[in-house]
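Subject: Structure handover

Hi,

Here is the structure I promised to pass on. My notes on what turned up in it follow below.

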Amino acid sequence: MSRNLEKSEEICTESDFSCGKRGPSSSARIVNLSDCDHCTKFPNRWSRLRHAIREPAAEFLGTMVFIIIGTGVNCQVFLSMDPNVEAVPRGNFLSLNLAWAAGLALGVWTAGGVSGGHLNPAVTFSLAVFRGFSWKKVPIYILAQLLGAFCAAGIVYANYFHAINIVEGGRSIRTIDGSGDLFATYAASFMTPVSCFFSEVIGSALLVIGVLCATDRNNGPPPPGLVPLALFMVLFGIGASLGMNTNYCLNPARDLGPRLFTAAAGYGSAVFTYRDQYWLWCAILGPVTGMLFGAFAYDTLIFEGGESIINKP
């Protein structure tokens with residue numbers, strides 16, 4: 001079986017039928033996998049399965065890390081404003097923006113080296129349209145992102161369950177205005193539907209422009225390890241300047257995953273009927289439209305790579 005593996009030098013001990021790297025002081029000899037009949041790059045069944053699912057698994061974990069920090073700071077800031085929960089509020093709008101940006105940076109850092117760290121269905125879709133990302137991977141990436149966001153909302157809800165009970169007034173009371181809006185996104189009351197959609201389009205366009213700039217090797221990109229820091233600055237800037245109107249969703253998974261969880265956790269169908277299916281036309285279509293527009297603008301005016309549909313003959 002090892003003869004089909006890529007040729008590489010690994011260290012294989014006589015007592016182990018798998019090949020794994022050992023320290024220089026270990027009693028092992030260096031062999032070439034193509035010359036070893038009993039060596040394998042998969043030391044056990046789980047390592048083989050992990051290799052097969054590593055990209056969607058990275059998207060799942062990266063998105064979960066991102067949403068845990070983001071929805072977690074929402075809960076900490078707003079629940080602590082109730083004097084029955086904390087005597088002094090634990091945060092403000094600045095800490096909200098910093099934590100969401102840090103969550104994105106940490107999530108991208110977690111998944112970036114394996115899957116590219118999309119963490120966002122609108123990013124995945126835009127990269128498939130403008131960067132040649134495999135369309136076969138799009139559905140599984142999006143599913144992994146949604147599951148990651150759903151699980152993250154559940155973890156944060158479990159962490160703040162007691163504070164939510166105090167703010168809502170009981171274990172059986174769950175309302176959007178009380179705590180539901182700490183998980184999914186809901187627009188300010190003064191916003192019209194057109195303004196909500198426009199706000200999401202603009203923020204999402206800026207986010208994808210930041211993503212494309214940070215990964216454009218012909219436009220002074222940061223070193224690979226600093227891409228998360230670049231995206232931290234992008235999201236922090238968007239949140240600090242455009243975050244008031246719709247809580248800057250910018251990410252269908254960031255909204256739909258927690259929204260599905262709140263519906264299952266007792267907040268009911270109101271999370272979907274809010275403003276005539278706001279979750280669909282604003283929190284999903286808004287980011288997708290904005291990122292397609294932003295990617296089109298960047299590729300039309302800046303990008304010179306041949307993988308973009310703008311630059312194809």
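Predicted model: local features only at pLDDT ≥ 70, side-chain atom pairs only at ≥ 80, totals over all residues.

Let me start with the charges over rings. R131 has its charged end over the ring of F303, 3.7 Å from the ring centre.

Now the overall layout. The protein chain contains 11 helices and two strands. Going along the sequence, the pattern reads β-β-α-α-α-α-α-α-α-α-α-α-α. The chain has 313 residues, and 47% of them are buried.

On to the aromatics. The count of aromatic pairs comes to 12. One of them joins F125 and W135, an edge-to-face pair with 5.5 Å from centre to centre and 75° between the planes. F125 lies in helix α3 (residues 121–130) and W135 in the loop between α3 and α4 (138–159), so the pair ties together parts that are 10 residues apart in sequence.

Y157 belongs to helix α4, while F183 is in the loop between α5 (161–168) and α6, so the pair ties together parts that are 26 residues apart in sequence. Both Y157 and F183 are buried. They also belong to a cluster, in which ring pairs link F150, Y157, F161, F183 and F261.

As a general point, nonpolar side chains in soluble globular proteins tend to be buried together. The largest nonpolar core here has 40 residues, and the members that touch the most others are F66, W100, L104 and L235. Which helices supply at least two residues each? They are α1 (45–79), α2 (93–115), α3, α4, α6, α7 (227–242) and α11 (285–301). Helix α2 gives the most to this core, with seven residues.

F198, I202, L206 and L242 form a nonpolar patch on the surface, and together they have about 340 Å² of accessible area. Helix α6 (residues 193–214) provides the largest share of the patch, three residues. I202 is in helix α6. With a relative accessible area of 31%, I202 is partly exposed, and it can join the patch because patch residues need over 30%.

L250 has a positive phi of about 60° even though it is not a glycine. L250 is placed in the loop between α7 and α8 (252–267), and it is buried, with a relative accessible area of 3%. Q277 is the other case: its phi is near 60°, again a positive value in a residue other than glycine. Q277 lies in the loop between α9 (270–273) and α10 (278–281).

Cheers

Methods: Residues numbered from 1 in each chain as written. Heavy atoms only, no water. Patch = residues over 30% accessible without salt bridge, like charges linked within 9 Å, V, L, I, M, F, W, Y side chains within 5 Å. Areas by Shrake-Rupley, 256 points an atom, 1.4 Å probe, with all protein chains shown as cover. Salt bridge = Lys/Arg side-chain N within 4 Å of Asp/Glu carboxyl O. Helix = DSSP H or I, 4+ residues; strand = E, 2+ residues; numbered from the N terminus. Buried < 20%, exposed > 50% of the residue type's maximum accessible area, 1.4 Å probe, protein only. Phe/Tyr/Trp six-rings, centres within 6.5 Å; stacked < 30°, edge-to-face > 60°. Lys NZ or Arg CZ within 6 Å of the ring centre and 35° of its normal. Core = buried A, V, L, I, M, F, W, Y, C linked by side-chain atoms within 4.5 Å.
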